[in-house]
Amino acid sequence: MMKIGIFGGTFNPPHRGHINSAKQTQCQLGLDKLLVIPTAMPPHKELPEHSPTPEMRLEMARLAFEGIKNAAVSDMEIKRGGKSYTKDTLLELKALYKDAEIWLIMGEDMFLSIESWYGAEWILANTGLAVFARDVKSVPVSHSEKLKSLYGTTVELISTEPVNISSTSLRSFLKKRKGREYLSEEVYTYIIKNRLYGAAPDFDWLREKSRRMYRQAVDRRPHLEGIEQEAVRLARRWGCNQEEARTAAILHDITKSLDTNEQLKICEKYGTIIDVAEKRMPKLLHAISGALVAYHEFGVSDEVYNAIRWHTTGRENMSLLEKIIYLADYIEPSREFDGLERLRSLAYTDIDGALKLGLEMSLRDMKRRGVTAHQRTRNALDYLVSKEG
Ligand code: ATP
């Protein structure tokens, strides 16, 4: 007889605790099929405010369980809508798999409260329970004996190495750039990309992603490490958000090693208008495509988007973070050029003075090399000069 395990939950988000225990249960019970079913609305608790949509939870569950053999994620409760009562789901499944043996999989918290569920008597008389511990080493045996004598329930205790995490605590970790170790890479990426739970990306993850996108022979690491240090130092000096400065520094050149066509494709994908001058200057394109990737794939804020967007040309009326990234890129410790020391010391005493000098030096350098400067750089300089006057 076919053995099917049903693992229901809110999965808001699905974490390693869910995955480990599902895998372990599948193995111990010898399940032919594991059905993971995200609820539409859990009957026993409120979904927290600003939770992802049911479709997003469904997608996260798909990503989390996709590598597990014989596992499938079902949208039946989400499709049914309203409060998701387990009894309704079981009735539907029993009609669908007439000859199968159906097991309900759950943690000990659910197990201890099951008698209060809608249709509990029917559930307990018609379904086996596979129960695992969440944060203690054993599930109360007395409770399974009680259910067996009252309802004839078969309870199978699953031995797992508990992962001490809940979706609730994970949601609060994610806001603090923590918790990545409890999630699959795919689910974490989805959360960051879709800006779920107010999650801010883990810096190590960003560094890794950013390094992986550089496909150049030249080692960019000294520059990347240098700009990160410099940007944070400048942010501390000028009272700017240090985390934002670090994020912008790590990601500022993320698309730099892509060729022009690849960069144009990114701009097209996200529907950005590029001016003719920028199209003609491939060196400038990475600021646009990089800002777009940072925004759409790494969920950065508008401020970080702008700091990356304007880090090559500058622009009129730059924000403090924009100035910091522009200057940090110029003066970070691995740079060497005439006039660097003056620019460095000015950056820590008079940031607008440093920006003005940086723009002037950059325009002079381009002229010397016969490169046409983008008008935006001249405008940025004119703006600072007009403010002085
Ligand atoms: P929340 O913190 O939002 O209440 P949760 O982490 O308890 O969420 P649910 O999606 O409500 O997760 O749980 C689905 C199922 O997974 C339940 O049976 C629950 O007992 C079980 N479960 C949750 N966390 C763990 C864990 N760390 N280890 C094993 N099982 C877990």
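This report describes the predicted model of a protein, from overall shape down to single residues.

## Basis

The model is predicted, so local features need pLDDT of at least 70 and side-chain atom pairs count only at pLDDT 80 or more, while totals for chains, interfaces and linings use all residues. Residues are numbered from 1 along each chain as its sequence is written, and side-chain values use heavy atoms, with hydrogens and water left out.

## Overall shape

The C-alpha trace spans about 90 × 40 × 35 Å along its principal axes.

The protein has 20 helices and six strands. These are DSSP runs numbered from the N terminus: helices are H or I with at least four residues, strands are E with at least two. Of the 389 residues, 50% count as buried. Buried means under 20% relative accessible area, exposed over 50%, and partly exposed in between, with a 1.4 Å probe and protein chains only. The protein exposes about 19000 Å², and carbon and sulfur atoms supply 49% of that area. Areas come from the Shrake-Rupley method with a 1.4 Å probe; for residues, only the protein chains shown count as cover.

## Domains and cores

The domain assignment gives domain 1 (3-182) and domain 2 (202-388). Such bounds come from an automatic or database assignment. The C-alpha centres of the two domains lie 47 Å apart. Among contacts between residues at least 6 apart in sequence, 70% join residues at least 24 apart. Contact means heavy atoms within 4.5 Å.

The largest nonpolar core has 90 residues. A nonpolar core is a set of buried Ala, Val, Leu, Ile, Met, Phe, Trp, Tyr and Cys residues joined through side-chain atoms within 4.5 Å. Residues with the most contacts inside this core include F7, L174 and L343. The core draws at least three residues from each of domain 1 and domain 2. Apart from it lies another core, of 20 residues, among them L104, I114, L129 and V131. Beyond four places in sequence, L174 touches L183, Y188, I191, Y197, G198, A199 and A200.

## Salt bridges

The structure holds 22 salt bridges. Each is a side-chain nitrogen of Lys or Arg within 4 Å of a carboxyl oxygen of Asp or Glu. R177 pairs with E243, the closest N and O atoms being 2.9 Å apart. R177 lies in the loop between α8 (167-175) and α9 (185-193) and E243 in helix α12 (residues 242-251), so the pair ties together parts 66 residues apart in sequence. R177 is buried at 11% relative accessibility; E243 is partly exposed at 40%.

K356 takes part in two pairings. One is with E360, at 3.6 Å from N to O. Both residues lie in helix α19 (residues 351-368), four residues apart, about one turn of the helix. The other is with E388, at 3.7 Å. E388 sits in helix α20 (residues 375-388), so this pair links distant parts of the chain, 32 residues apart. E360 is partly exposed at 25%, and E388 is exposed at 55%. Elsewhere, D204, R207, E228 and R246 are linked in a network of salt bridges.

## Backbone exceptions

Most residues other than glycine have a negative phi, and most peptide bonds are trans. The bond from N12 to P13 is cis, with omega near 5°. P13 is in the loop between β1 (3-9) and α1 (16-29).

Y197 has a positive phi of about 60°. Y197 lies in the loop between α9 and α10 (203-213) and is buried at 8%. N317 also has a positive phi, near 50°. N317 is in the loop between α16 (302-309) and α17 (320-331), and it is exposed at 51%.

## Two local sites

T127 lies in the loop between α6 (120-126) and β5 (128-132). T127 is buried at 5% relative accessibility. Beyond four places in sequence, T127 contacts L90, I102, W103, L104 and T153.

L346 lies in helix α18 (residues 340-347) and is partly exposed at 21%. Beyond four places in sequence, L346 contacts I351, G353, A354 and L357.
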